[in-house]
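User: I would like to go through some helix contacts and a pocket, setting each label against its definition. Please begin with the model that is shown here.

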Amino acid sequence: MTISLKLLFEGIHQAKDEDGLRSHLAPQIGEYFAAKRSGIFFFDQLLADPKLQTVLNIVLSLEHNPVARYIAERHTPVHEGLVTIPKAWKLICPRPDHWHVMAGPIIDRGQVVGSVGCTRERSMPAFDTQDLAGMSAICLHLSAWTASVRIARSTTLQLQPQSFSSNQLTPRELQIANLVALGRTNAQIGNELWITENSVKQALKRMFRKLKVSSRAEMVAQISTTQLSFSSNQPSSSGLLSNSRK
């Protein structure tokens with residue numbers, strides 16, 4: 001069966017969760033663009049994995065990676081040929097199966113929360129404007145799906161009886177959660193709070209266990225909705241909804 005944009009759009013809106021998008025839709029996107037590799041990535045899930053921290057600090061670095069910088073600034077797909085020259089790109093990304101790269105943003109409520117990307121080897125043709133147009137359409141549908149699913153998830157959490165209060169977290173843990181909500185990496189959190197990156201990692205593990213969550217996004221959503229439900233009774237509570245620092 002030939003993969004078309006229409007089939008990809010239908011696949012996006014039929015997906016039940018983000019894991020389904022990555023496992024089933026990403027390979028189809030790769031097939032559509034005749035790519036060597038393809039993937040769909042959600043940053044909150046990637047950042048929750050300590051093993052990926054070093055790689056992500058490079059891949060998502062706006063200073064190091066011109067592709068990431070272009071997406072962050074313009075919220076639109078790009079390929080490496082638009083932002084750098086082959087010689088420079090080889091230094092940035094020396095992998096032979098990433099000689100040509102095209103990526104686009106997944107947007108939720110004005111923020112880049114993920115990315116979809118494809119790569120080709122040197123012997124394969126470079127990505128062109130037609131590829132960018134197709135990627136732009138795919139990103140539009142992925143962004144609409146992501147926003148819809150995350151809003152529904154947040155609403156469900158608000159309607160569920162809360163089994164915890166933010167009092168379960170220490171003041172330091174609430175500070176860490178606040179910075180996670182702002183999109184800070186473990187290293188950035190450590191720098192702001194004057195603690196080691198490993199201390200941040202260990203604190204997040206404890207917080208995940210306390211709140212019975214498995215990702216940074218789920219933790220932020222759970223704390224935020226809990227504080228919203230308690231705000232009328234506890235107007236002075238601190239945490240993600242407060243700008244104060246302890």
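Analyst: Glu-173, Ile-176, Ala-177 and Val-180 of helix 9 meet Val-200, Ala-203, Leu-204, Arg-206, Met-207 and Lys-210 of helix 11, where contact means heavy atoms within 4.5 Å. This is a predicted model, in which local features need pLDDT of at least 70 and side-chain atom pairs count only at pLDDT 80 or more, whereas totals for chains, interfaces and linings use all residues. Residues are numbered from 1 along each chain as its sequence is written, and side-chain values use heavy atoms, with hydrogens and water left out.

User: Why is helix 9 called oblique to helix 10?

Analyst: The axes of helix 9 (residues 171-181) and helix 10 (residues 186-193) come within 10 Å and cross at roughly 130°. That angle makes helix 9 oblique to helix 10, and the crossing is right-handed.

User: What makes helix 1 and helix 2 roughly antiparallel?

Analyst: Helix 1 (residues 5-14) and helix 2 pack at an angle of about 170°, with their axes 11 Å apart, and they are therefore roughly antiparallel to each other. Leu-5, Leu-8, Gly-11 and Ile-12 of helix 1 make the contact with Leu-21, Leu-25, Gln-28, Ile-29 and Tyr-32 of helix 2, and by class this contact has 7 nonpolar, 2 polar and no charged residues.

User: Which classes make up the lining of the second largest pocket, and which helix supplies the largest share?

Analyst: The lining has 1 nonpolar, 3 polar and 8 charged residues, including Asp-17, Arg-22, Arg-150 and Glu-218. Helix 2 supplies the largest share, 3 residues, while helix 2 (18-32), helix 3 (43-47), helix 8 (129-159) and helix 12 (216-230) each give at least two.

How values were computed: Axes fitted to C-alpha atoms, helices over the stretch in contact; angles between N-to-C directions. Helix = DSSP H or I, 4+ residues; strand = E, 2+ residues; numbered from the N terminus. Parallel < 35°, antiparallel > 145°, perpendicular 65-115°, else oblique. Left-handed = near helix turned anticlockwise from the far one by under 90°. 1 Å grid on protein atoms, 1.4 Å probe; cavity = no way out; pocket = protein on both sides within 12 Å on 5 of 7 lines; lining within 4 Å. Nonpolar A, V, L, I, M, F, W, Y, C, P; charged D, E, K, R; others polar.
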